[in-house]
Amino acid sequence: MRNHKKLLQFLRPDPAVAAVKMPSDDDEDDDRCTPLPSPMSSGSASTSAAASPSPYMPSPWVNLPGLGAGSALAGTGATGLLGSLVKADGHVYSMAAAGDLLYTGTDSKNVRVWKDQREFAGFKCGSGLVKAIVVAGDGRIYTGHQDGKVRVWRRDSADDTAVHKRVGSLPRLGELLRSSVRPSHYVQTGRRKQSALWLRHFDAVSCLSLDVEAGVIYSGSWDRTFKVWRVADSRCLESVRAHDDAVNTVSAAGFDALAFTGSADGTVKVWRREAGKHGATRHVMERVLRKADSAVTAVAVASEARVVYVASSDGAVTHWQWRRGAARESAPRNGGALRGHRMAVLSLAVAGRVVVSGSADRTVCVWRRDEGADHSRLAVLTGHTGPVKCVAMDEEESLDADGHRRWVVYSGSLDGSVKVWRVSDAPDAMAAMARTPAHVWKGSPSPLGAWSTPRRALERS
């Protein structure tokens, strides 16, 4: 996706910060969605946003130095920090960019939508922690939650995207009720001989991935399974017991009907989708791509190049490439490992030839894939005071003055902030890179010692 308009919106200064109120837990209505005020029109730019209070907490995201036209990087191609969006409390666990909207999920009970650097809309979810967000092309938003549910939301209309409504969940209530009266639809969970419906996750949904071409969405869970859902009718097509420990990541390949799962058991498995009966699917394990002691935390795929990147708790990003036209039984080529982090790599994003990795060491590494399996590191972005739990990126439409490509990188951290960066592939990008001092712009961050994460916590990302 190339949307320079989105970057420009993030660079606009905000004339005022809204004074708003977060509803109390007593007012909760499970999965209720409450829209926020629409952004100010161009004819009323001087109007304070506080004139229309939001039902959420006092505008926890503020604009800070570096976001406006006065930023040293705003008009250049240099690599570095463009600005920070700092939240008063709560950890950022997930994010998704869709056009000019940015969705962020935290350990609060809200999914927030941002536009023009303002809180544009939000979903009120009764389940708390939002571990995954995926946005479909038809406007539906899928969120994976700690309570094992996948909730589905939709922007109310093309003309008023500030209104988001919950339109369902996975599995659908009717399908759930029909299955609950069939003993054959129950499976053993491994928890003291307890059983659960096969089409429902009984532990946290840790990851989501959309396969647009196939019309399916994958959900992975700490219950060691991944499930396949048909986008058209939200029907569960298949449930696969995939690993011996929590499934931390699932990713549709975008080529050869493949999907990848990574687990806390240290393995990455490759699954091939085959057609089943009555429109169902059947996923067959084709190979174990990786088997090691360190937990797998993220998988990202560069579909056009047929390259798969795997992040793990040992701080490495390994990669494999599938050759075009190769026989099905041919093994992919192992390209080695990218090592730029001192602690576990928690998140990955890919756009074109650029790969971004976020780590528990509080840094973001940006890599460029060159000819063959060679990679060069473009930048190390520092500034977060907590582990970088999620990353996203987008390529700018226009080149810089010297004809070099530039990307916008978003990083969400357990320090409660989202940072916006610019990265250039200019040869002197490393020399021009601004290593931002590791401090927060607002609030009182936890000391580094507070982020000493136990190994088990990293294994279940």
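**View 1. G148 and the residues it touches.** Not counting residues up to four places away in sequence, G148 touches H201, D203, A204 and V205; contact here means heavy atoms within 4.5 Å. This is a predicted model, where local features need pLDDT of at least 70 and side-chain atom pairs count only at pLDDT 80 or more, while totals for chains, interfaces and linings use all residues. Residues are numbered from 1 along each chain as its sequence is written, and side-chain values use heavy atoms, with hydrogens and water left out. You'll find G148 in the loop between β8 (140–145) and β9 (150–155); strands are DSSP runs of E, at least two residues, and helices are runs of H or I, at least four, all numbered from the N terminus. From G148 to H201 it's 53 residues along the sequence, but 5.1 Å in space, C-alpha to C-alpha. G148 counts as buried because its relative accessibility is 5% (buried is under 20% relative accessible area, exposed over 50%, partly exposed in between, with a 1.4 Å probe and protein chains only).

**View 2. The open sheet β21-β22-β23-β24.** Four strands make up this sheet in that order, with antiparallel pairing; two strands pair if DSSP finds at least two bridges between them. At the edges sit β21 (296–302) and β24, each pairing on one side only. From one strand to the next, the twist averages 20 degrees (axes are lines fitted to C-alpha atoms, and angles run from 0 to 180 degrees between N-to-C directions). Zoom in on β23 and β24 and you get six bridges, antiparallel. A316 has R339 in β24 as its bridge partner.

**View 3. The largest cavity.** Its lining consists of V307, H319, W320, Q321, R333, G335, R369, G372, A373 and H375. β23 (316–321) and β24 (333–339) are the elements that give two or more residues to this lining, and β23 gives the most, with three. By type, the lining residues split into three nonpolar, five polar and two charged (Ala, Val, Leu, Ile, Met, Phe, Trp, Tyr, Cys and Pro are nonpolar, Asp, Glu, Lys and Arg charged, and the others, Gly among them, polar). The largest cavity holds about 50 Å³ of space, and the structure has two cavities of 30 Å³ or more. On a 1 Å grid over the protein atoms alone, a cavity is a set of points where a 1.4 Å probe fits but cannot get out, and lining residues have an atom within 4 Å of a point. Points are joined across faces, edges and corners, and the volume is the space filled by probe spheres set on them.

Definitions and conventions. 1 Å grid on protein atoms, 1.4 Å probe; cavity = no way out; pocket = protein on both sides within 12 Å on 5 of 7 lines; lining within 4 Å.
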